[in-house]
Amino acid sequence: MGAIQALRGTRDILPAEVGYWQKVEAVVREILGKASYREIRTPIFELTSLFERGIGEATDVVGKEMYSFQSRGKKPYSMTLRPEGTAGVVRAYIEQKLHASGGVQRLWYTGPMFRYERPQAGRQRQFHQIGVEVLGSADPRADVEAIAIATDILQTLGLKNLHLDLNSVGNSEDRQRYREALIAYLTPYQAELDPDSQDRLTRNPLRILDSKDKRTGEIVQDAPKLGDYLCDESKRHFERVQNLLTQLGIPYQLNHRLVRGLDYYSHTAFEIISDDLGAQATVCGGGRYDNLVSQLGGPETPAVGWAIGLERLIILLQELDTLPQSPLDFYVVSRGEQAEENALVLAQKLRHAGFSAEVDLSGSAFGKQFKRGDRSGAAACLILGDEEAQNQTVQIKWLATGEQKAISQSDLLANPDELRQQLQTTHPQQLP
């Protein structure tokens, strides 16, 4: 029997890569914390009806991509692994009565999402997102604050070659007028559209605008523009968003074909795109969704949010290769039963004193342990044989210079600040 492998569309995040994820999470927590966003954690599976009502039954996500299954028990019901984060956050906002306190709720989340689609670089069936939701404000400033924070996160991480695509999808009445005009324009071309777009023509025609099919793209080039169907109020909202972005010095480009893939969007829609990712270029996407809370049974609550796909973001960070290596202060080698026990105790004392220490647990000859110590990147190697263990001493070898001397273990630990200074002098990259 062969070895069991990970399921198609899933992948292991190995220790060499985890540092990039931790770097992203640390930057996100710092920037969102400064802007008074609070973390929320929701279940990874919900009632299927939540996504059918929230995302829209006519969307590809609900129609083709969700992982749904029946519960056990006398009255089974359909559950779904969450394909995105907003619907679950809104469900919690309503159920837990977060709106009862009044004012604006600034929330953020992170975690795995699940969609059935063809796996490729940066796109998996289990993937991860970081997202924010601002609930309770119809002010265009909320749209721009969300965009500005996403921009800050990506720029702080060192990403370049990014640009912001912006559009307005108006309110529900605007979209209905535009939907009718778009269907009227596309119907004569129905036979020339790609199969997916033919299926969307009456179900979800706005999605045809972002089709990747070459012929469909040529057809929609001359399609009516959604901006021509916006009411005065929608136009004022969008103009304010653009003016505020300009005041913040955030460049953008209008993209009249940008509609996003989910039914709940209204007014502002945006994507932050990387020119370094090829076809899968969107790093962050979001927009306003003023009707979703009420559609799911809550009070009328305007809202705006976005999500960043972490797999695509990590690809970009790996290309930048800016991740600092975690410093290692001491690599501890030992030989003999008493020395091996003493090495474990000494390493633990060093950790308690604020140093990093790795104990070689191989039990192999000193020569092999020394080679691993040289490869470890440690500042110094601590060497213990039975003689050192009996005398409570240790040989300390500074790996950058090869200098080695014996020292009592009590003296090694007596002055942590002095020891830290030695580390800094001998191995400068170890300390900031």
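A residue is called buried if its relative accessible area is under 20%, exposed if over 50%, and partly exposed in between (1.4 Å probe, protein chains only). Helices (H or I, at least four residues) and strands (E, at least two) are DSSP runs, numbered from the N terminus. The model is predicted: local features need pLDDT of at least 70, side-chain atom pairs count only at pLDDT 80 or more, and totals for chains, interfaces and linings use all residues. Residues are numbered from 1 along each chain as its sequence is written, and side-chain values use heavy atoms, with hydrogens and water left out.

**View 1. Helix H4 is mostly covered.** Of the ten residues in H4, nine are buried. These are Thr-86, Ala-87, Gly-88, Val-89, Val-90, Arg-91, Ala-92, Tyr-93 and Ile-94. The elements that cover them, by contact (heavy atoms within 4.5 Å), include strand E2 (45–47), helix H2 (48–54), E5, strand E6 (126–135) and helix H10 (292–295). After H4 comes Lys-97, which has a positive phi near 55 degrees. Lys-97 belongs to the loop between helix H4 (86–95) and strand E5 (105–114). With a relative accessibility of 55%, Lys-97 counts as exposed.

**View 2. Helices H1 and H11 cross.** The axes of H1 (residues 15–34) and H11 (residues 310–320) come within 10 Å and cross at roughly 110 degrees. H1 is therefore roughly perpendicular to H11. Axes are lines fitted to C-alpha atoms, for helices over the stretch in contact, and angles run from 0 to 180 degrees between N-to-C directions. Angles under 35 degrees count as roughly parallel, over 145 as roughly antiparallel, 65 to 115 as roughly perpendicular and the rest as oblique. From H1, the contact involves Glu-17, Tyr-20, Trp-21 and Val-24; from H11, it involves Leu-310, Glu-311, Leu-313, Ile-314, Leu-317 and Gln-318.

**View 3. Ser-36 has a positive phi.** The phi of Ser-36 is near 70 degrees, a positive value in a residue other than glycine. Ser-36 sits in the loop between H1 and strand E1 (38–39). Its relative accessible area is 53%, so Ser-36 is exposed.

**View 4. Phe-330 and Phe-355 form an edge-to-face pair.** Rings of Phe, Tyr and Trp (its six-membered ring) pair if their centres lie within 6.5 Å; planes under 30 degrees apart count as stacked, over 60 as edge-to-face and the rest as tilted. Five aromatic pairs are found in a search of the whole structure. In this one, the ring centres are 5.9 Å apart and the planes are 70 degrees apart. Phe-330 lies in strand E12 (residues 330–334) and Phe-355 in the loop between helix H12 (337–352) and strand E13 (357–359), so the pair ties together parts that are 25 residues apart in sequence. Both phenylalanines, Phe-330 and Phe-355, are buried.

**View 5. Phe-366 and Phe-370 form a stacked pair.** Their centres are 5.6 Å apart, with 10 degrees between the planes. Because they are four residues apart in helix H13 (residues 366–375), Phe-366 and Phe-370 are separated by about one helical turn. Phe-366 is partly exposed, at a relative accessible area of 26%. Phe-370, at 30% relative accessibility, also counts as partly exposed.
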